[in-house]
Amino acid sequence: MRLLFSCQPSIANLDEFRVLQEAQQTEQKLRGGYYTPNDLAAFCSAWVLESGASEIMEPSCGDGAFIEAIMGAKRPANLAFKAFEICPEEAAKARSRAQRLTFGAAKAEVTEGDFLEWAIRQLLKNCPVTDAVVGNPPFIRYQYLPPVFQQRSEQVFEILRLPFTKHTNAWVPFVLASIALLKPSGRLAMVIPSEIVHVMHAAPLRSFLTRQCDRIAILDPTEIWFTDTLQGAVILLAEKAEVPTRPKGRLTILPVSGRDFAQQPAEALLRTATWQSAGAIDGKWTQAVLSVRARAFGRNPPTTGHSPACAGGGCGRGHRHRGEQVFSRQR
Ligand SMILES: C[S@@+](CC[C@H](N)C(=O)[O-])C[C@H]1O[C@@H](n2cnc3c(N)ncnc32)[C@H](O)[C@@H]1O
């Protein structure tokens, strides 16, 4: 635990190098330091920029994959990007990336420190601060967080009047605070653990999303994007309601295979998606996957050929069904 958030020890010989490597892997795990590939960062960034966002926030920017994607994309000339990063070395890398890509009236500011500490101050003012949020929050079990981070995680639930459990994980309060700080019609595009769909401790987040957002889309890949972590990840695209007290709450879970999907605008995928009323899906969102699958089978029984729900995977004919990964995670 001593290693948490202290990034760069020095090195003298080969043995030390091995010890250092192990320490760095542990350190990486303990601060949830697994970075987003460029194509996924660009895909998420394009979706939020498309909404006309001129204030964008990133809660945990690492070395700046999303800064590069946003600042390097077609963006408003006066864009203001606000990022946080707890690890000093990574914050410095992100800052120099931001400086390289900032020109004209645009601003990109990287704050070294805990996102939740800042977010809690904003939440207490009860005033949304940003048009959009992008990123990939840290995945760290609550029990491995230092006490001050545990307290801040719990405080986010408290402020939002949501039930808290010690089974939570760092990414949950990050997403909760991000959604709460979005302005009406604001967009959030984040790479998050696939467990959002089904784990019990994420139930308050699922219901918060359905109460706050008009559209919630989960892009669920066949592959594991972060092989080092063995943790399944998905992309969450959420659009906050224009009138936060009256969200229309629609949910879709879209299976994706390979990375070609990231070459097209997210909106093109969302246009053809099957949406369901999120309010009608209580508890686990695996029900949403189930009903997509059931509907598809109803239209096109598997004995007569491939179901439309078949995303190029395995339906007994050598490929996978939509949502199959989610089902296997449930076993
Ligand atoms: C999964 S990485 C993602 C980095 C970057 N957003 C990306 O997508 O490439 C999570 C990052 O969160 C940082 N982090 C962990 N706890 C944090 C906190 N409380 N506040 C801000 N950053 C934090 C870690 O140091 C790490 O760089």
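**Helix α6**

The expected span is 1.5 Å times one less than the number of residues in the helix. Helices (H or I, at least four residues) and strands (E, at least two) are DSSP runs, numbered from the N terminus.

The model is a predicted one, in which local features need pLDDT of at least 70 and side-chain atom pairs count only at pLDDT 80 or more, while totals for chains, interfaces and linings use all residues. Residues are numbered from 1 along each chain as its sequence is written.

- The buried residues of α6 are Phe149, Ser153, Val156 and Phe157. A residue is buried if 20 or more other C-beta atoms lie within 10 Å of its own, exposed if 12 or fewer, and partly exposed in between, with C-beta atoms placed from the backbone.
- Seen down the axis of α6, its buried residues fall within an arc of 100 degrees, so they line one face of the helix. The arc is that of the directions from the helix axis to the C-beta atoms.
- Pro147 and Val148 are exposed, on the face of α6 turned away from its buried side.
- The buried residues of α6 pack against α5, α7 and α8. Two residues are in contact if their C-beta atoms, placed from the backbone, lie within 7 Å.
- Arg161, which follows α6, has a positive phi, near 55 degrees.

**Chain overview**

- The chain contains 11 helices and 11 strands.
- Of its 331 residues, 42% count as buried.
- Among contacts in the chain with a separation of 6 or more, 76% join residues 24 or more positions apart.

- Helix α4 (residues 88-101) has 14 residues and should span 20 Å at 1.5 Å a residue, which agrees with the 20 Å between its end C-alpha atoms.
- Buried in α4 are Glu90, Ala91, Ala94, Arg95, Arg97 and Ala98. These buried residues fall within an arc of 165 degrees seen down the axis of α4, so they line one face of the helix.
- The buried residues of α4 pack against α3, β2 and β3 (107-112).

**Nonpolar core**

- The largest nonpolar core has 82 residues, and those with the most contacts inside it are Cys44, Ile67, Val134, Met190 and Leu236. Helix α2 (residues 38-50) gives the most to this core, with nine residues.
- A nonpolar core is a set of buried Ala, Val, Leu, Ile, Met, Phe, Trp, Tyr and Cys residues joined through C-beta atoms within 7 Å.
- Leaving aside neighbours within four places in sequence, Met190 is in contact with Cys44, Val133, Val134, Gly135, Asn136, Pro137, Val175 and Leu236.

**Ligand surroundings**

- Of the 22 residues around the ligand, Tyr35, Thr36, Ser60, Gly62 and Asn136 come nearest. A residue is near a molecule if its C-beta atom, placed from the backbone, lies within 6 Å of it.
- Helix α3 (65-71), strand β2 (80-85) and helix α5 (115-125) each supply at least two residues of the shell around the ligand.

**Asn126**

- Asn126 lies in the loop between α5 and β4 (130-135).
- Asn126 is exposed, with 8 other C-beta atoms within 10 Å.
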